[in-house]
Amino acid sequence: MGERPGEAMSRAGGEPARRVPSLPAAVARRIGTGAVTLLLVTWVVFALCLLVPGDAVSVEGGADALGRRLPPERVAELRALYHLDESLPRQYGLWLRDVARGNLGRSFYDRRPVVEKLSERLGITLTLNLLSLALAVVLAVPLGAAAAWRPGSHVDRVAGVVTYALYAVPVFWAGLLLQLAFAARLDWLPLFGLQSPGARHLGALHGLVDQAAHLVLPVVCLSYGGLAYLSRFVRATLVESLHGDAVRAARARGLPVRRVLFFHAFRQAAVPMLTLAGFLIPGLLGGSVIVETVFALPGLGTLFVDAVFQRDVPVIMGMTLLSAAATLAGIVVADLAYAVFDPRIRRG
Amino acid sequence: MASLRAGLGLVGGLGVLALAAPIVATDHAWVARSGPDGWSSPLLRGLVGTPAAVPAGLEEPILEAPIPYSPEELDLERVFEAPSAAHWLGTDGLGRDVASRVVHGGRASLAVGFLAALLALGVGLPLGAVAGYRGGWADAVISRGVEAVLCFPTLLLALAMLAMAPRWLAGLPDVARIAIVVGITGWIPIARYLRGEFLRIRGSDMVAAARASGAGHARLVIRHILPSSLAPVLVTAAFAVGAAILLEAALSFIGLGVRPPTPTWGGMLTEARVQVHRCWWLALFPGAALFLAVFGCNLLGEGIRDRLDPRSRAG
């Protein structure tokens, strides 16, 4: 969380005015740089598989952090899957070809294609992440606005301290405390899992309610980090735009303060905030590994953790590639949305 | 200034507590009476490693440590005890004293935090400085690389590296291994932030003036840019320690961090997970220590920024 929100987007500021490129040109350019980054991303993933030591694989099987060794037939499979007998550039080329064809190999654990395993877990993780993102945005706006309305007021200072403290709360601790309070003590919500035992005998509606109840704590747990980040950003943007010309003009015309806040200040804050959501994706994906572990949800995160413990290299590689590609897509879409709404940014 | 003081207090306090853990939380009595008029200090003896003159059973403890339990001492008669006068923070499933384990747990967490931050700074500082100061193709190459690595969720990358485990990594002691993995994944925000800061310093009037009066690259960097970059470097270092502590705890929580029986805050929370419905103290205290350590680092970073960088005081 070291970087400032919107840093990557504010490159246009302060430079002498140049001609603003047309929208298609800007879009093409951003997609181009995105493609370059995607290529670099595949390098990083490929470098990961080089970490599985070639010599150790061939001779005695490398021992991992827990001192386990890969059995010889797995080693042979790895050599074939990542073309380890070829030269390095050929290894990369062949691997990239396989990836482009959607062939990520088969899981060591149950011999099923990695793509299949990833796609069947995708739904839960996606639901969890989208709900968390939505919750963070929905809560961040009023929270940030309340703080920005009178900078330095009690509301502002308390909100500032609380959101700042939230950065330092470890996700798994928050998860445990939520379980402790709402599931163990109060018994309002289920402790973990995706369904209650015997849920398949419930009707469609009750089944849905049951699943929703199981998702409440995980979603809350996953959203508070983004909420802290976004609400501070909303506050900063609103404080700035509340002192800007547009708002001053609106107030000078005698418009009521609420109207000014909602129609003039928000409009300027909305675009950067929505695009900022794109930058939250890696944090959310990393967080969902932990949240799914704490709440025992069968999503991509738990699949990944299981794969790590089983040393299921194809699944680990596939998941790493998928998460990086998803993040990159999120950032590029965010940048594009920004370019559509704010012509200044197109100069890049 | 408040955040600087609070941050220093939290980080310093937890650091001192972790360093002093073998003295503060130990089952060796500070002072004991052995025989009618013999005195001894089992604690000193334990630290120095000399054998006892009298069998340990005959020594009568006079002055005990504030937390008179070792972190690994089992007491199967007293499992899952709630906090009490005997066990301030309760006991865990093996009857081990939670207070003693929290105090000792800081050692691994803080050691990994500082080592990893040092490593991350060692990678991120030169890259960020070169990208920001040189600009041009160096900046383009480094920035693309940073953008690519930025796409990976840090936790996933760290877990993947640990799972792949090349031989040189697998053979290292736990703390070093985790510190390397956490450090390697932690340099990105440092490089990004420092690139921006160096870009700003390079474009400042001060540097322009020095260049106009004939200063070469070496002189510019050593006399003008390095002193002004002290603040950003310290700020990133503080945030990096906090981030590294968090990541280490996450790895330990998942079960790939520093291995038991060495107590770590993350590892203690794993044990708490199974018992969360009946033993609140197992989850509350290690997590609170972790939170305070990370919060302290963040406050420290914020405080240094306020102190050394007048621009941010207005905001």
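Of the 164 residues in the largest nonpolar core of this predicted model, Tyr82(A), Phe172(A), Met317(A), Leu155(B) and Leu159(B) touch the most other members. A nonpolar core here is a set of buried Ala, Val, Leu, Ile, Met, Phe, Trp, Tyr and Cys residues joined through side-chain atoms within 4.5 Å. Buried means under 20% relative accessible area, exposed means over 50%, and partly exposed lies in between, with a 1.4 Å probe and protein chains only. Helix α11(B) gives this core its largest share, 15 residues. Helices (H or I, at least four residues) and strands (E, at least two) are DSSP runs, numbered from the N terminus. A second, separate core has 7 residues, including Ala21(B), Val24(B), Ile67(B) and Val103(B).

Two source notes apply to everything here. Residues are numbered from 1 along each chain as its sequence is written, chains are lettered from A and ligands numbered from 1 in the order in which they are written. The model is predicted, so to speak of local features pLDDT of at least 70 is needed, side-chain atom pairs count only at pLDDT 80 or more, and totals for chains, interfaces and linings use all residues, while side-chain values use heavy atoms, with hydrogens and water left out.

Chain A has 13 helices and 0 strands, and chain B has 13 helices and 3 strands. Buried residues are 49% of the 348 residues in chain A and 50% of the 315 residues in chain B. For contacts between residues at least 6 apart in sequence, 73% of those in chain A join residues at least 24 apart; in chain B, residues 24 or more positions apart account for 69% of the contacts with a separation of 6 or more.

The accessible surface, from the Shrake-Rupley method with a 1.4 Å probe (for residues, only the protein chains shown count as cover), is about 16800 Å² for chain A, with 65% belonging to carbon and sulfur atoms. Chain B exposes about 13700 Å², and carbon and sulfur atoms supply 67% of that area. The C-alpha atoms of chain B fill a box of roughly 85 × 45 × 40 Å along the principal axes. In chain B the mean positions of the 25 positive and 22 negative charges are 16 Å apart. Lys and Arg count as positive and Asp and Glu as negative, without His and the chain ends, and each charge is placed at NZ of Lys, CZ of Arg, CG of Asp or CD of Glu.

The whole structure holds 11 aromatic pairs over all chains. Rings of Phe, Tyr and Trp (its six-membered ring) pair if their centres lie within 6.5 Å; planes under 30 degrees apart count as stacked, over 60 as edge-to-face and the rest as tilted. Phe172(A) and Phe253(B) are stacked, with 4.7 Å centre to centre and 15° between the planes. Phe172(A) lies in helix α7 (residues 171-185) of chain A and Phe253(B) in helix α11 (residues 217-254) of chain B, so this pair joins two chains. Both Phe172(A) and Phe253(B) are buried. Trp280(B) and Phe285(B) form a tilted pair, 6.1 Å centre to centre with 55° between the planes, and Trp280(B) is partly exposed at 29% relative accessibility. Ring pairs also link Tyr164(A), Tyr167(A), Trp173(A), Phe291(B) and Phe295(B) into a cluster.

The backbone has a few points to note. Most residues other than glycine have a negative phi, and most peptide bonds are trans. Ala296(A), in the loop between α11 (281-294) and α12 (300-310) of chain A, has a positive phi of about 50° and is partly exposed at 38% relative accessible area. Phe80(B) also has a positive phi, near 50°; Phe80(B) sits in the loop between β3 (59-63) and α4 of chain B. The peptide bond from Pro260(B) to Pro261(B) is cis, with omega near 10°, and Pro261(B) lies in the loop between α11 and α12 (265-274) of chain B.

Methods:
Contact means heavy atoms within 4.5 Å.
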